[in-house]
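Have the sequence and the 3D view open as you read.

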Amino acid sequence: MRKPLRFYISVIGAKFIIKLMRLLKRNATNLPGEIMLMFYPDLLKHFDMPETVIAVTGTNGKTTVSNMINNILTDNGYNIINNSFGGNVDTGIASLLLDNCTLKGGFKTDTAVLEVDERSAARVLPCVRPDWLVCTNLQRDSMKRNAHTEFIFNILNSNIPSKTKLVLNGDDLISNRLAPKNERVHFGIAQLKDENPTLDNIICDIVNCPECGSKLDFSFRHYNHIGRASCSCGFKSPEIDFEVTACENGEAVIMHNGKEERYKLPNNRITDLYNTGAAVTFARSFGLSYEQVAESMSKVKVVKSRYDSFTVGGKEVIISLAKGQNPVACSGVCDFVRKEKGDKAVIMILEDLYDAKRTSENIAWIYETDFEFFKGKDIKQIIVGGKRADDYMVRLLIAGVDKQKIFCCRNETDTVKLLKQELADKIIIMYDLFNTESLSSIKQQLKSLDSVQGE
């Protein structure tokens, strides 16, 4: 079918811009789409999408799950386009499609795996018409974007095509109610042996029954509102199709149709279990065999921008993305820190430098973040860097952290100078995604300290 003239102009113009930007060694993952959507707002409606379109969304974990699915499908011979190196909003997805489509708007690849920002769903899902939608969870996020879970739920719920098959977190009583008439499959995690659940979070995004408003009865929770619940009116958590029943020897034990399946874990945090469960549930439901998925999962590694570790002077350095302005994700890292064994020093660089372009003065999110988890005697030092360091110090003091443990500096890269290595067995760095340059400098400084000590 012939498309509007402006569509063809957009494709040709974008390809020229992308080629020019790459010659200039510039990132072409967002700007071409931004320009062409300004020129032709209906652009996304007119692509002849690949045979299979898989969308991955959710508040936390969507990038990791999307990358896992990419790796599994690629490892099993699927020819994929994906936005793992680009934006997950409409402009980034438009750039991806414009870069990979033919001049007529078709594709030579058979599959597209698209990470989709949940707030952009209204501009993306009706256009790309996904065959599958994986939703990791819906939780409180940035105050300026996604702080209200029902608001985000309604955006997603009203824009999911009726043909789309859903892969949902059965332990999340918010996201697992999406598009109730659509075909669906649920993943979840049972109450694990020797698990130390996090029940002291400040935030619990759903406490009342969505059907009758009565208080929900949780049989167990892993963290925040993620767990199993029921109500006297008959409402309850759904049956779980792929259930993680154990985490042992670096593997997730998943029960499916009464049979045990084992998959290698990239890490053993509860969030890694959920991410693995989401990716495995999609891949198995998509039609891949247990053996195919297990073999592919054995090769999966967490992207180092999410989690990394190395050794300095005999001490382990752990780097974890904490997603500044996201109280649930940041609290998850705080919980991880307190559960790590040994004496710890924590470096926090959580300033969202993106706000330098689109300023936000709202720091309410730090009062919803569980900094109370840092009160333990095994956390020997907390070093905060950035222009808002004093705000974090006030929050830590309110949380009950000993003032003698808190050190602040205005320059993020000066945090290493305040580190007292002799106090801790481990150094844990929490950073925001937009602080990668500061993080790189900190890593180099730590490694330089190691080389000096070794001389």
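Glu248 and Arg262 form a salt bridge, with 2.5 Å between the closest N and O atoms. The partners come from distant parts of the chain: Glu248 belongs to strand 9 and Arg262 to strand 11, 14 residues apart. How accessible is each end? Glu248 is partly exposed, with a relative accessible area of 34%, and Arg262 is also partly exposed, at 25%. Bear in mind throughout that this is a predicted model.

The structure holds 27 salt bridges. Here are three of them, side by side.

| Glu248 | Arg262 | 2.5 Å |

Is Asp90 buried or exposed? Asp90 is buried, because its relative accessible area is 13% and the cut-off for buried is under 20%. Arg123, with a relative accessible area of 42%, is partly exposed.

Asp200 lies in the loop between strand 6 and strand 7 (217-223), while Arg338 is part of helix 9 (residues 327-339), so the pair ties together parts that are 138 residues apart in sequence. Asp200 counts as partly exposed at 43% relative accessibility, and Arg338 counts as partly exposed at 26%.

In what order do the strands run? Nine strands make up an open sheet, ordered 2-3-1-4-5-6-9-10-11, and the pairing is mixed. Strand 2 (80-82) and strand 11 (259-264) are the edge strands, each pairing on one side only. From one strand to the next, the twist averages 20°. Trp132 stands opposite Lys165 of strand 5.

Helix 7 (residues 270-286) lies across strand 1, strand 4, strand 5, strand 6 (184-189), strand 9 (242-248), strand 10 (251-256) and strand 11. Relative to strand 6, helix 7 runs at about 150°.

On to the rings. A search of the whole structure turns up twelve aromatic pairs. One of them joins Phe7 and Phe47 edge-to-face, at 5.2 Å centre to centre and 75° between the planes. Phe7 is in helix 1 (residues 5-23) and Phe47 in the loop between helix 2 (31-39) and strand 1, so the pair links distant parts of the chain, 40 residues apart. Both ends are tucked away: Phe7 is buried with a relative accessible area of 0%, and Phe47 is buried with 2%.

Trp132 turns up again here, in an edge-to-face aromatic pair with Phe282: 5.4 Å centre to centre, 90° between the planes. This pair also links distant parts of the chain, with Trp132 in strand 4 and Phe282 in helix 7, 150 residues apart. Trp132 and Phe282 are both buried.

Back with Phe7, which residues share its cluster? Ring pairs link Phe7, Tyr8, Phe47 and Phe107 into a cluster.

The charged end of Arg269 sits over the ring of Phe336, 5.2 Å from the ring's centre. Likewise, Lys447 lies over the face of Phe310, 4.8 Å from the ring centre.

Definitions and conventions. Residues numbered from 1 in each chain as written. Predicted model: local features only at pLDDT ≥ 70, side-chain atom pairs only at ≥ 80, totals over all residues. Heavy atoms only, no water. Pairing = 2+ DSSP bridges. Helix = DSSP H or I, 4+ residues; strand = E, 2+ residues; numbered from the N terminus. Axes fitted to C-alpha atoms, helices over the stretch in contact; angles between N-to-C directions. Contact = heavy atoms within 4.5 Å. Phe/Tyr/Trp six-rings, centres within 6.5 Å; stacked < 30°, edge-to-face > 60°. Buried < 20%, exposed > 50% of the residue type's maximum accessible area, 1.4 Å probe, protein only. Lys NZ or Arg CZ within 6 Å of the ring centre and 35° of its normal. Salt bridge = Lys/Arg side-chain N within 4 Å of Asp/Glu carboxyl O.
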